[in-house]
Amino acid sequence: MKRIVCLICICSFLLYCVKMNAQITKGAIPKIEIQSKEDKKSVVLESINTEVEIFGNISKTTSTMIFKNNANRVLEGQLVFPLPDKTTISGYAIDINGKLRNAVPIEKERATEVFESIQKQNVDPGIIEKVEGNNFKTRISPIPANGTRTIQISYYQTLNLEQNNYLYVLPLNTSEKISKFDLVVKVYQSTEKPKLIEKPDNTFKFSENSNIYEASLSKVNFKPSNSLIIELPKSENSIESFTQKNTDGSMYFLSNLIINGKTESKIWSDNLGIIWDNSLSRLNQDHEKELELLGKIIKQQKNITIDVVLLNIQLEKGKTFQIKNGDWTDLKQYLKNTVYDGATNYSIIEASKLPANEYLMFSDGISTIGSNQFNFNKPIYTVTASAKSNFGILKIIAQKNKGKFINLAENSVDKGFITLNESNVQFLGIQNQEVTEVYPVIGTEITKDFSVTGICPSNLKKLTLAFGRNGKVLFTKEINLEKASNGLDVSKIWAQNKVDFLEMDFDGNKDDIAEIGKQFSIVTANTSLIVLENVSDYVKYKILPPDELLVAYNDLMKNQTEENEYQKNNLLDEAFTTVEDLRIWWNTNYEQTKKKYPKPEKLEEPPTPLIGVNRVSQDETISEITAIAPSNDSSPVRESRSVSYSTAETLDYQAEESEPMLEEIVIDTYRTTSRRRSESKTNKSKNSDKKTVSSDIKTFDVKSDKDYIKKIEKSKNPYETYLTLRKEYQETPSFYYDVATFFFQKKESETGYKVLSSIAELGLENAEMYKTLAYKLKEIGAYDTELFVTEKVLKWRPFDAQSYRDYALALQDNQRYQEALDFLYQTLTNSYDENFRNRDRNISEIIIPEINNLISVHGKKLDLSKIDKKLILDIPVDIRVVMNWNKDDTDIDLYVTDPNGDVCFYSHRATEIGGRMSDDVTRGFGPEQFMLKKAIKGKYKIESNFYGESQMTLSGPTTISVEIYLMYSSGKEVRKLITFQNDKPNSGKDKILIGEFEF
């Protein structure tokens, strides 16, 4: 049975809290988003039990949720959700055999590798990870048919101060009743009774017991009428401190206090610039708060010149506005009418193109198709009102460019304006010499509320904090650690503060971030939390399990045999074997002198293979047939089989003709007078004569039949129609792909590129969507962006051979040939998980020609010292076709028909004239490859068939990329690319015509 990937609303407790002036932004429980309409409402939140503990300005929230699957099929859950700045996910658990099992920390990339490897064994773990920005993603699988699944998530949060009150918000809005609802809140050491600004039920009230304020609520079939919003008074003279002793005689400490230092007003330049991010991800953000902040600045300045530029995939020149007497009506209307479209690329920001003296940059901090680093020599003040923002990047930009970061997602506009408009005192460190690892760092500017954490001797009684400006101490504050509480896990909060600092240079501190995440069991940009089902899995992957499994784990480790150890191997052995196979094939003399006549069509179609049964050739040269093991998955996906090559192998099969689905587009003509020659005598004689070939490669567009494309085609203003239709299809990747393709076909490349890039804004760290982008970017020649995109995928999925190959080919497109060669070779020499290695064993047949293509064409410029000489093989061919796709567990087939009508495909992999098809890939990303050393005269036809897939994902239809080469490795080769999408499995019936040419 196919799994249906769905987005499950699993954490009402995981949304951000903010206060906007007198208004409070309250999140709602996210709606379930699934690809299958029939399962849209199948998963419901049956029970939620939330416990909240508040210690001064620190809250700890733990929610345990039970989800009920009312469908008759197994479902898989996934949710991407934002968390506020200064939040630490400290715990994650899922039910295994009816009991909650705690997760353990592991490096992020390895967590994904282990998770997917175990999934391929039909055993399902749980994982929670941090993705781009301050966003988190959890995957829970399986949610059994007509069954339940329990998860638990805990997190610490540093609360924001608003007008001498800390604010805690727990969004509870929902349109559905919850069968069992429990909520308990405890506030410790509060000098005043907490104030309930909003509560889920009128019966929810605080009562005092031994200096602890407690409120609780227990309901059945309950639909909360409001969220939970608590105001916690903070006295200016009170200092809350917490300590946690360590085994080495030291202790972690945390203190929070209010600082009323002298402020100095900022004097703004009379020429102010605005960098306004108008990428797609900013479409539904709170621009009203941003405009309100801007209005306060203008009101103060009265007369000012403002230059506006728009930032998406380009830096678009906007307008210059002369503001007089604080009237900025035209500017406000201009920004309100801004169109949001395309991806974000920070790397195109250049000071030379921005004439103003200082800049306000309104953005979410996520550069989706370009580096987030850029050089600037003017002050930049970064502003965001989105909870999904990358707060760390926005802080770095402001810090490096003598500006400030304003977080309107978690603070009021008034507070943001004060922070922006005033110069405050700085934290100048702790004067006790024995105190180490103090965060925040020296020089941090303080608005009013201030928290400090570090490590000190456990017998230290007092801390002296220094404050001032420009290194000069103006005053000090003393903290009495003897009065500190010890009921808080301070180490995790300290660790998060250190990680926040290290993430300002993520690439340089990547390893340190991973180590801290693992040591303190917190989720970071480089550390995830994972739950495995079986003790043997922890042993196999050498992951230290939670405490309750340690005894069993240690016993298994002692008795572990070599056969049971986790194996990771490279692909070199397969590559060496493939080289020899290719050598024999290339040196074989295929007789091509006999005239061939058309074959009659068969009276009956070949029977469609049964699901779960291998498709096989009728030829007796098949040496092995591998049956598919019984599975609950009924998708029509086949296992690979081994097929022997024969110089006269043929199959009595005639491919049906199919008409092109759109008009013919680009035509390339190539004439050649020479070919590379083998040192072999036989092959010298075969290829020594000069030959002239005229080849027109005709490629055919695969037309989308969606209604929105029909409406756009009929429109007098296609782009405006696209923007109107986008409201309905905003989260649908294929919508942007189809519309972009439409504009490319109309030769409106700039518009097509912008629309296409919007795909990068839809899924945070979604490799399938980025692969789709990479294929299309390669096709349209946007090689620099292709390189960035493939490098991202490689970073997310370094355990996939395809990630290295795609990146290597992007390097080749960018004329970085040595790096391309090194990464292609690394594709074969990396060590892979056994499941991925078995899946990708076919890739060596595709990599070897590509390595030797680089050597043949650019060999004089390349250092070959690191390349095993056994892989070097000069094999130029007249025709090479490679088909790639962007999804795992997918089966797509390549068909090539020669002028004799001989069809080369998965079960007839060797044609009479020497055509060769690579192994059939049935559960992976591909690729599949056809090669023909010496082409005969006549027409060649290239087709594709989507046989099936065993997954459905939110990334949309499968994207297929086909590369067609003539005179490959000759030094004068011609390449034609075509990319299209298909999500209609045909199981061998109707194929799609991709291209044809006369040779």
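In which handedness of crossing does H18 pass H19? The crossing is left-handed. This is a predicted model, in which local features need pLDDT of at least 70, side-chain atom pairs count only at pLDDT 80 or more, and totals for chains, interfaces and linings use all residues. Residues are numbered from 1 along each chain as its sequence is written, and side-chain values use heavy atoms, without hydrogens and water.

**View 1. Helices H18 and H19 cross.** H18 spans residues 801-813 and H19 spans residues 817-829. Helices are DSSP runs of H or I with at least four residues; strands are runs of E with at least two; both are numbered from the N terminus. The two helix axes come within 8 Å and cross at roughly 165°. Axes are lines fitted to C-alpha atoms, for helices over the stretch in contact, and angles run from 0 to 180 degrees between N-to-C directions. H18 and H19 are therefore roughly antiparallel (an angle over 145 degrees). Left-handed means that the near helix is turned anticlockwise from the far one by less than a right angle.

**View 2. Residues meet between H18 and H19.** Contact means heavy atoms within 4.5 Å. Tyr-804, Tyr-807 and Leu-811 are among the H18 residues here. H19 brings residues including Phe-823 and Leu-824.

**View 3. Four strands form an open sheet.** The order is E21-E22-E33-E32, with antiparallel pairing. Two strands pair if DSSP finds at least two bridges between them. E21 (240-245) and E32 (436-439) are the edge strands, each pairing on one side only. The twist averages 10° from one strand to the next.

**View 4. E21 pairs with E22.** E22 covers residues 250-258. The antiparallel pairing runs over 6 bridges. Thr-243 stands opposite Phe-253 in E22.

Terms used. Parallel < 35°, antiparallel > 145°, perpendicular 65-115°, else oblique.
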